[in-house]
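Keep the structure in view while reading.

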Amino acid sequence: MMELLVKMSEALQKGKAKDVKAMVQEAIDLGLEPQTILNEGLLSGMNEVGIKFKNNEVYVPDVLIAARAMKAGTELLKPLLVAGGIKARGKVVIGTVKGDLHDIGKNLVAMMMEGQGLEIIDAGTDVAPERFVELAKENDAQIIACSALLTTTMGEMKAVIEAATAAGIREHVVIMVGGAPVNDTFAKTIGADIYTPDAASAAEEAIAALIARGIA
Ligand code: B1M
């Protein structure tokens with residue numbers, strides 16, 4: 001089984017979407033936990049791609065096809081990670097901040113939150129601060145969740161908080177932040193309510209925040 005996960009990781013690194021999809025299906029059929037397939041097959045492959053990208057061993061097109069393979073694999077895992085039929089426990093507007101097109105982490109967070117019974121309003125990528133706020137108001141959402149993968153875009157999270165304050169909704173929404181360059185100190189500095197390092201803890205903390213507010 002470990003061999004299958006290693007092969008999956010290697011196929012992802014080469015951007016072989018069809019092979020990745022077939023291997024994810026095989027792993028599911030073998031009864032492997034979806035979380036194990038995600039972490040030890042898909043994410044470990046994407047991590048390698050990140051290291052090679054940093055060292056100029058692979059380039060943007062290689063990363064894009066690896067990302068496509070990652071998506072093909074996660075699509076199969078989604079129904080297993082998202083437990084069906086749970087009543088909506090709250091609403092979350094999620095998006096990747098302005099200037100940032102990375103969406104794999106954001107999509108994972110959305111998936112895990114859905115799995116906890118939260119309704120997701122996905123604003124997509126390159127989302128302007130005002131758009132986060134507009135969607136939260138329109139949908140009466142209790143949470144705004146921002147993802148950023150670039151050091152040059154993480155500052156946009158502060159702009160989201162300022163936009164929420166300007167629109168008069170800051171006290172009514174929990175603002176969550178995350179993404180590779182973000183940490184707890186940064187989150188505190190900009191006045192965000194919650195920072196979590198990964199998708200699973202983001203979903204757990206979202207529910208905990210709603211319970212604390214008497215919502216979920
Ligand atoms: Co980009 N990229 N990229 N890239 N890319 C990084 C982020 C980089 C670290 C690569 C590197 O140099 N090693 C680097 C950023 C450096 C920096 O700012 N410090 C980088 C760069 C420089 C760039 C470009 C500028 C490259 C260029 O054009 N010269 C460019 C920018 C484009 C733009 O956004 N404007 C660019 C482009 C791209 C692609 C389009 C090719 C592609 C994105 C495809 C897509 O997303 N659809 C891409 C990719 C794939 C990566 C790497 C290789 C992988 C990112 C990823 O998906 N990881 C990445 C290197 C790396 O991270 N190792 C890299 C898997 C994903 C599951 O992890 O998103 O971190 P992540 O999510 C995690 C946690 O962070 C957390 O949960 C997830 C795990 O459970 N999390 C949250 C995320 N959001 C959260 C929100 C929360 C809570 C937790 O609460 C709300």
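Buried means under 20% relative accessible area, exposed over 50% and partly exposed in between, with a 1.4 Å probe and protein chains only. Helices (H or I, at least four residues) and strands (E, at least two) are DSSP runs, numbered from the N terminus. This is a predicted model, in which local features need pLDDT of at least 70, side-chain atom pairs count only at pLDDT 80 or more, and totals for chains, interfaces and linings use all residues. Residues are numbered from 1 along each chain as its sequence is written, and side-chain values use heavy atoms, without hydrogens and water.

**The sheet**

Five strands build an open sheet: 5 strands in the order E2-E1-E3-E4-E5, with parallel pairing. Two strands pair if DSSP finds at least two bridges between them. Strand E2 (119-127) and strand E5 (194-195) are the edges, and each pairs on one side only.

Strand E1 (91-97) has 6 of its 7 residues buried, so the rest of the structure largely encloses it. E1 runs parallel to E2, and 6 bridges join them. Within this pairing, Gly95 is opposite Gly124 of E2. The chain passes from E1 through H5 to E2 in a right-handed β-α-β crossover. Right-handed means that, with the strands pointing away from the viewer, the path from the first strand over the helix to the second runs clockwise.

E1 also pairs with strand E3 (residues 143-147), in the parallel sense, over 5 bridges. Bridge partners between them include the following.

| Residue | Bridge partner in E3 |
|---|---|
| Val92 | Ile143 |
| Val93 | Ile144 |
| Ile94 | Ala145 |

How many of the residues of E3 are buried? The count is 5 of the 5, so E3 is largely enclosed by the rest of the structure.

Ser147 lies in E3. Its relative accessible area is 9%, so Ser147 is buried. Contact means heavy atoms within 4.5 Å. Neighbours within four places in sequence aside, Ser147 is in contact with Gly95, Thr96, Val97, Lys106, Met157 and Gly178.

E3 pairs with E4 too, in the parallel sense, over 5 bridges. Here Cys146 stands opposite Val177 of E4. E3, helix H7 (residues 156-166) and E4 form a right-handed β-α-β unit.

**Helix packing**

Helix H9 (residues 199-212) lies across E3, strand E4 (174-178) and E5. H9 runs at about 165° to E4. Axes are lines fitted to C-alpha atoms, for helices over the stretch in contact, and angles run from 0 to 180 degrees between N-to-C directions.

Helix H3 (residues 34-54) packs with H5 at an angle of about 170°, their axes 14 Å apart. That makes H3 roughly antiparallel to H5; angles under 35 degrees count as roughly parallel, over 145 as roughly antiparallel, 65 to 115 as roughly perpendicular and the rest as oblique. Gln35, Leu38, Leu43 and Met46 of H3 make the contact, with Ile104, Leu108 and Met112 of H5.

**The cobalt site**

Which residue is the only protein donor of the cobalt atom of the ligand? His102 is, through NE2, at 2.2 Å. Donors are N, O and S atoms within 2.8 Å of the metal (3.2 Å for Na, K and Ca); water is not among the atoms, so sites may look incomplete. His102 sits in the loop between E1 and helix H5 (104-115).
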